[in-house]
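Please read these notes with the model open beside you. Take the points in order.

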Amino acid sequence: MAVRHRLVHATPHQVWDVLADARRYADWVVGTSESRPARGQWPALDSALEYTVALGPWTVSGTTVVRRVEAPRELELEVDSGPVGTARVAIEVRPWGKESLVIVDEHPLRGMGGVLHNAAVDALIQLRHRNMLRRLAAVVEDHARTGTRAPA
């Protein structure tokens, strides 16, 4: 299991505003080049979005489904990356004074990712989460400061 956290200089509601916007998923999720709503009203329970990952000239699509939500504190997602398998990604937003502590917890559920899961894979996920949380903080903090959408 890979768990990582970051202090974000914004309120939990400001963090949630970004998490609750399906169009912003690609702004902060590492590797994602595009996202779009696929089913339901994101982030309602069982709503989904589709995302695209660009790998040079190739693109791969996947789906992310909301499995649990308690706005504005918790969002649990099941990310389906096709042949790689699925993963549970839990995002918790805790008030920390006037700021927010964002905690991400990820582990593989099904497919090759689950079969090959080990400490080395967790270390790679940790590196990815460090970058993802940095990007999320930048988007949230820019939005909190200016009220506008920050570039990825």
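**Notes on the chain**

1. Start with Pro43. This residue sits in the loop between strand 2 (32-39) and strand 3 (48-55). Strands here are DSSP runs of E with at least two residues, and helices are DSSP runs of H or I with at least four residues, both numbered from the N terminus. The peptide bond from Trp42 to Pro43 is cis, with omega near 0°.

2. A word on the source. This is a predicted model, where local features need pLDDT of at least 70, side-chain atom pairs count only at pLDDT 80 or more, and totals for chains, interfaces and linings use all residues. Residues are numbered from 1 along each chain as its sequence is written, and side-chain values use heavy atoms, with hydrogens and water left out.

3. Asp46 lies in the loop between strand 2 and strand 3. Its phi is positive, about 70°, although Asp46 is not a glycine. Asp46 is partly exposed, with a relative accessible area of 39%. Partly exposed falls between buried (under 20% relative accessible area) and exposed (over 50%), using a 1.4 Å probe and protein chains only.

4. Now look at Pro72. It is in the loop between strand 4 (58-70) and strand 5 (74-80). Ala71 and Pro72 are joined by a cis peptide bond, with omega about -5°.

5. Step back to the whole chain. It has 4 helices and 7 strands. Along the sequence, the pattern is β-α-α-β-β-β-β-β-β-α-α.

6. How much of the chain is buried? Of its 152 residues, 43% count as buried.
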